[in-house]
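Have the sequence and the 3D view at hand as you read.

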Amino acid sequence: MTPVTKKIGVLGAGQLGRMLAIAGYPLGQKFGFLGASHEEPSALLGHMYTEKDEASSLSELIAFSDVMTYESENTSVELVRKIAETTPVFPAEKSLYYSQHRGREKGMFDSLNIPCAPYQVVDSLESLTQAVDEIGLPAVLKTTTEGYDGKGQFVIKETTQIDQAWKEVGGRELILEGFVDFSRELSIVAVRNVDNQHVYYPLVQNVHHEGILRYTIAPARQISEEVQTQAEQYMKALLDELDHVGVLTLELFETVDGLVANEMAPRVHNSGHWTIEGALTSQFENHIRAITGLPLGDTSPRQEIAAMVNIIGETGPVKDVLTMPKAFLHLYDKAERAGRKLGHINLVADSEDELYQQINQLSAFLPKV
């Protein structure tokens with residue numbers, strides 16, 4: 001083992017764990033994963049502890065690990081708190097506690113003066129009706145916990161839809177968020193290490209279809225220095241308030257009045273996958289650096305513009321991608337299934353025109369709209 005080698009335990013064994021390991025091995029790190037089976041995307045990239053006997057598997061992973069991290073903001077806060085009694089976990093439980101509950105998350109945004117949509121937490125048809133009266137329509141009704149890629153949501157456009165919305169996603173605690181009039185969806189990835197060093201990637205533009213991210217343009221076009229600075233100020237406030245160690249991602253709406261926060265994720269993020277080939281240091285490498293006490297790497301883009309295109313549902317004509325000189329294929333070793341993220345394609349270019357020519361070549365991987 002090298003002087004900087006750490007054994008890193010990952011709660012989860014999906015594609016994020018897979019890419020963390022791929023980025024961490026050149027730094028001399030070792031990996032273990034807790035997953036459902038040996039068929040998970042990370043399974044062949046480290047010691048695999050399956051959840052068939054979760055208690056003993058978790059104990060074995062903790063015994064293996066010098067430090068632990070996780071793939072999902074839906075990881076149990078209580079579990080992380082328990083593990084942290086003997087083994088450092090980054091990001092720590094506070095980041096999970098706020099990011100996995102939309103009501104608590106919005107409350108933190110308010111406390112840090114980070115603009116967000118008007119919202120109310122509701123737990124009955126009556127409280128939902130009152131919230132609609134106060135917030136107005138259109139509005140989005142969401143589960144306060146879990147839910148991703150557009151799942152667990154209902155857009156209410158008229159008061160006649162309130163009963164239907166409650167029937168479809170109700171019966172549990174929900175949050176009603178007022179609509180934000182925005183021009184495009186952006187996100188920023190930031191990293192903080194144990195020495196309180198902060199680094200920020202440029203704002204990127206995200207394009208969704210049916211609630212799923214389909215492609216990202218990086219850096220986002222026509223972003224002023226003031227807007228980038230505003231996003232970094234939001235991130236610094238969040239990183240410091242949470243005492244966050246590792247990658248933190250913030251999804252944002254661009255409006256005429258500035259940036260409005262949507263939600264955050266205490267982990268490496270789909271909208272940061274472009275950094276693998278598109279930045280001097282990828283989000284995955286910087287997360288590993290942060291949680292193992294290493295200096296953070298340069299987040300500057302390697303070229304004028306890059307993009308990330310998700311491969312959703314079907315693997316598609318990936319051999320064609322390999323004939324493109326500035327395209328980089330990443331497959332996750334996952335079986336095809338509708339709506340499932342199977343991989344992504346990174347593109348780099350010296351101009352917007354060149355990039356969009358490349359994207360047009362990838363039309364088979366994009367939704368037909």
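Glutamate 210 sits in the loop between strand E11 (204-209) and strand E12 (212-218); helices (H or I, at least four residues) and strands (E, at least two) are DSSP runs, numbered from the N terminus. Its phi is near 55°, a positive value in a residue other than glycine. Glutamate 210 is also exposed, with a relative accessible area of 70% (buried means under 20%, exposed over 50%, partly exposed in between, with a 1.4 Å probe and protein chains only). This is a predicted model, in which local features need pLDDT of at least 70, side-chain atom pairs count only at pLDDT 80 or more, and totals for chains, interfaces and linings use all residues. Residues are numbered from 1 along each chain as its sequence is written, and side-chain values use heavy atoms, leaving out hydrogens and water.

Aspartate 333 also has a positive phi, near 60°. You will find aspartate 333 in the loop between strand E16 (327-331) and strand E17 (341-349), and at 51% relative accessibility it counts as exposed.

Now look at the peptide bonds. Phenylalanine 90 and proline 91 are joined by a cis bond with omega about -10°, and proline 91 lies in the loop between helix H3 (77-83) and helix H4 (93-99). Another cis bond links leucine 137 to proline 138, with omega about 0°. Most residues other than glycine have a negative phi, and most peptide bonds are trans.

Finally, turn to the open sheet, where four strands run in the order E3-E2-E1-E4 with parallel pairing (two strands pair if DSSP finds at least two bridges between them). Strands E3 (47-50) and E4 (67-70) are the edges, each pairing on one side only.
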